[in-house]
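Please look over the chains shown here before reading on.

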Amino acid sequence: MNALTVENLSVAYDKKTVLENANVTVPTGRLTAIIGPNGAGKSTFLKAILNQLPNKVGKVEILGKLFDPKSLVVGYVPQRNAVDWDFPTNALDIVLMGRYGHTGLFKRPSKQDKLLAKEALESVGMQEFAERSIGQLSGGQQQRVFLARALAQNANIYFLDEPFAGVDAATEKTIIDILKSLRAQGKSIFVVHHDLQTVKEYFDYTILLNKTILASGNTEDVFTPEQLQETYGGKLFMMQDTIGAEVVC
Amino acid sequence: MIELWVIITGLLVGITCGMAGVFLILRKMSMIADAISHTVLFGIVMAFIITQTLNGFWMLVGAAVAGILTAYLVQLLHSSGIQHDAAIGVVFTSLFAAGVLLITLFASHVHLDVEHILMGEIAFVPWDKWTLLSITMPKAVWILLLVLLINIAFLLLFFKEMKLATFDAVYAASIGVPILFLHYAFMTSISFTTVAAFDSVGAILVVAMLIGPAATANLISRSIKQMFLLSMLYGGASAIIGYYLAKFWDTSIAGMMATAVGILFIVTLFAQKLVDFKRKSLVGKLEGL
Amino acid sequence: MLSGNLLWVLMGTMLLGIAAGITGTFSFLQKQSLVGDAAAHAALPGIALAFLLTGQKDLPILMLGAGITSALSVYCIQWIVSFSKMKADAAIGLVLTVFFGVGVVFLTVVNHSPLGNQSGLNNFIFGKAATMTKADLTWLFISATIIILVSLLFYKEWKVLIFDPVYAKGIGLPIEALKATLTVLIVMTIVTGIQSVGVILMSALLIIPAVSARLWTKKLSSMLVLSAAIGGLSGIVGTFVSATRSGLSTGPLIVLVAAAIFFISYLISPTGQINKFLRKKQFRKQGEIG
């Protein structure tokens with residue numbers, strides 16, 4: 001069974017085709033980077049996978065099945081700026097929301113739910129901020145809370161949208177360590193990633209996306225100067241040093 | 001006794017609208033409430049045209065339907081690319097104009113008092129009584145109590161889902177929260193609230209009560225539960241203050257209640273800023289030690 | 001209605017529609033369509049207060065009062081959004097209702113006074129296009145002409161301001177002054193229109209033609225022309241229809257004509273529903289083949 005199977009996925013808004021004939025198969029247990037230039041359709045790709053786009057054509061299967069939210073198998077970590085952080089609540093409450101799927105409609109979160117939420121908050125190093133208003137959190141702290149929420153959900157496959165954008169180095173380390181430990185547990189992780197410098201270090205699988213999927217596979221095979229040149233189409237300036245190919249955008 | 005009923009009605013309006021307004025503010029849907037308060041006119045006129053009676057019950061139904069229709073049309077236009085505020089503007093002005101036209105065409109002989117619809121007549125509330133289960137209370141009070149119960153029930157059932165759907169709709173959808181259903185259910189409860197209140201205080205005050213107390217509470221709340229409590233408190237307070245000021249100056253009760261909403265907002269805003277400022281300067285002083 | 005009078009009213013509502021179409025487009029592009037609604041409602045306390053303070057029912061004085069509170073409401077909204085954590089939608093709704101509530105309070109005081117006119121509120125809400133006097137119409141012509149001329153004068157500057165505010169600042173445009181002028185113009189449109197079509201319908205004229213024009217084009221110049229045309233056309237057709245049968249108020253009809261034009265645009269414009277549907281069908285067909 002593959003973590004993700006995409007067949008002939010196309011998405012159009014008005015007269016523009018944003019994604020055209022995307023095809024990719026990713027096996028389970030990988031930490032996969034989705035990279036491509038701005039406006040390449042990465043966010044659209046993610047939304048299409050999460051079945052949020054009614055105007056898509058093609059097939060998407062997650063862990064062998066069509067996406068079913070109720071199965072709680074998919075843990076989604078959106079971009080930080082997708083929400084209004086002025087919302088009157090604290091960090092623990094946000095993480096607890098990750099348990100709502102398990103709690104069920106009409107019921108209150110159980111003691112077990114609250115415990116799991118606390119543990120998730122601890123695992124991202126935010127236990128002291130449990131009672132803190134989310135409006136007072138820094139960017140990195142907000143990102144950790146979002147990750148904790150998905151962890152509390154206890155999913156099998158995770159999709160993160162630019163989790164490292166604008167976060168401090170300590171937060172970045174915390175996040176990538178958690179993602180790697182999730183992979184060690186056999187879970188599959190997909191990250192829309194913007195920083196080409198860290199792709200080789202963090203990810204073992206890579207998808208190159210620019211209006212379609214140009215290449216996918218093990219990072220060492222796919223993350224090459226030629227492939228990158230084709231993906232970024234001349235917007236890339238590359239340097240090679242003695243250690244390996246270092247890419248600067 | 002008469003006066004007591006007027007005050008109770010005002011309190012109920014303040015509390016019910018204060019409660020309903022919290023998620024309205026958090027979902028950034030204040031203007032849809034304004035839109036609904038105008039389109040209820042269309043609903044009422046349609047109810048009259050269809051049933052050929054001035055029966056209060058059918059008017060409520062008509063108004064509620066108009067409210068849901070408004071929410072639906074706005075959603076429809078918005079999802080086809082029209083920006084949200086413009087979608088609201090198009091829908092409610094068109095429906096209101098249609099309502100007015102229908103009045104002149106089919107109901108000009110009937111006393112559908114526009115002023116009453118816009119400003120209500122809370123002073124007349126005690127005279128229109130219903131007796132249910134051998135309790136006699138003004139009709140407006142019965143209806144408001146019913147709507148208050150409906151709102152409470154909605155909250156008890158869907159509180160955590162509404163919270164999540166409001167904060168992060170996309171994540172909510174990804175774990176199976178029925179966000180579209182919640183949106184329309186909530187709009188329905190807003191329609192009911194609008195309809196229940198405007199008979200006594202008119203369309204304009206309903207919107208003031210839906211938006212003002214919740215917005216004021218939002219300035220100083222640290223949790224949603226706090227926001228609910230404060231919002232209901234502000235709503236009730238605006239009603240009481242507004243009533244007594246109107247009595248003192250012999251002027252419109254509904255208008256004065258709306259004014260009170262504004263006054264409480266300004267006072268809270270400045271008080272919060274002052275407290276904030278003092279706290280920051282205190283921290284500054286302590287750090288300087 | 002005498003046909004001579006009808007001609008005057010036709011011209012008046014046409015000019016009003018054009019002016020509303022133009023200023024409404026600028027509001028729309030700044031995502032401030034509903035601010036116009038608030039400003040329209042906020043005119044009430046100004047009118048009542050002007051009467052209370054001066055004891056006069058002269059149109060210019062009332063219009064001045066209306067203009068002042070209307071403009072004040074716009075600034076209140078901006079101030080609330082910048083000074084507090086309140087969001088724009090709540091600020092607009094709050095200002096709208098509180099100003100209107102205060103206006104109602106003043107109006108009740110007016111109605112209690114010996115010179116008070118009981119139909120004041122009705123006129124404010126619905127306007128009295130059909131019963132406009134020569135003086136009303138004259139004001140309408142003058143205002144509308146000023147609005148159109150000023151819009152032409154500042155077109156280039158407003159265009160930059162709306163689409164690229166950073167650049168505008170960079171080349172030294174007086175941002176605040178330009179914004180203020182636009183606000184004044186919108187307020188003038190509102191104040192002029194209120195007496196003929198009423199508050200809510202004035203909001204409609206500011207919004208519907210602009211939204212309809214947007215469905216057809218993205219270019220500012222085209223949008224302005226189209227919006228003005230739709231506004232003007234709504235004015236003419238609406239007034240004309242209301243004249244053919246007695247008892248039909250002009251205001252709602254003008255709005256409904258505009259709404260009809262919107263509805264048609266919604267369906268048949270290039271980005272409209274029919275074309276969308278056709279494109280989707282074609283898209284799916286391609287997907288199946290590929």
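**Contacts and packing in the predicted model**

Not counting residues up to four places away in sequence, Ile211(B) touches Gly21(B), Leu24(B), Ile25(B), Ser30(B) and Ala33(B), along with Ala90(C), Gly93(C), Leu94(C) and Thr97(C). Two residues are in contact if their C-beta atoms, placed from the backbone, lie within 7 Å. This is a predicted model, in which local features need pLDDT of at least 70 and side-chain atom pairs count only at pLDDT 80 or more, while totals for chains, interfaces and linings use all residues. Residues are numbered from 1 along each chain as its sequence is written, and chains are lettered from A and ligands numbered from 1 in the order in which they are written.

**Nonpolar core**

- The largest nonpolar core has 268 residues, and Ile211(B) is among the members that touch the most others, as are Val95(A), Leu24(B), Met257(B), Val95(C) and Ala258(C).
- Helix α8 (residues 179-220) of chain B supplies the largest share of this core, 22 residues.
- A nonpolar core is a set of buried Ala, Val, Leu, Ile, Met, Phe, Trp, Tyr and Cys residues joined through C-beta atoms within 7 Å.
- A residue is buried if 20 or more other C-beta atoms lie within 10 Å of its own, exposed if 12 or fewer, and partly exposed in between.

**Chain B with chain C**

- Chain B has 47 residues in contact with 46 residues of chain C.
- On the side of chain B that touches chain C, the largest share, 13 residues, comes from α4(B).
- By class, that side of chain B has 27 nonpolar, 16 polar and 4 charged residues.
- Here Ala, Val, Leu, Ile, Met, Phe, Trp, Tyr, Cys and Pro count as nonpolar, Asp, Glu, Lys and Arg as charged, and the others, Gly among them, as polar.

**Chain C with chain A**

- In this pair, 8 residues of chain C are in contact with 10 residues of chain A.
- The side of chain C that touches chain A has 1 nonpolar, 3 polar and 4 charged residues.

**Helix α1 of chain A**

- Helix α1 (residues 42-49) of chain A is largely enclosed by the rest of the structure, because 6 of its 8 residues are buried.
- The buried residues in α1(A) are Lys42(A), Thr44(A), Phe45(A), Leu46(A), Ala48(A) and Ile49(A).
- Asn51(A), which follows α1(A), has a positive phi, near 60°.
- Helices (H or I, at least four residues) and strands (E, at least two) are DSSP runs, numbered from the N terminus.
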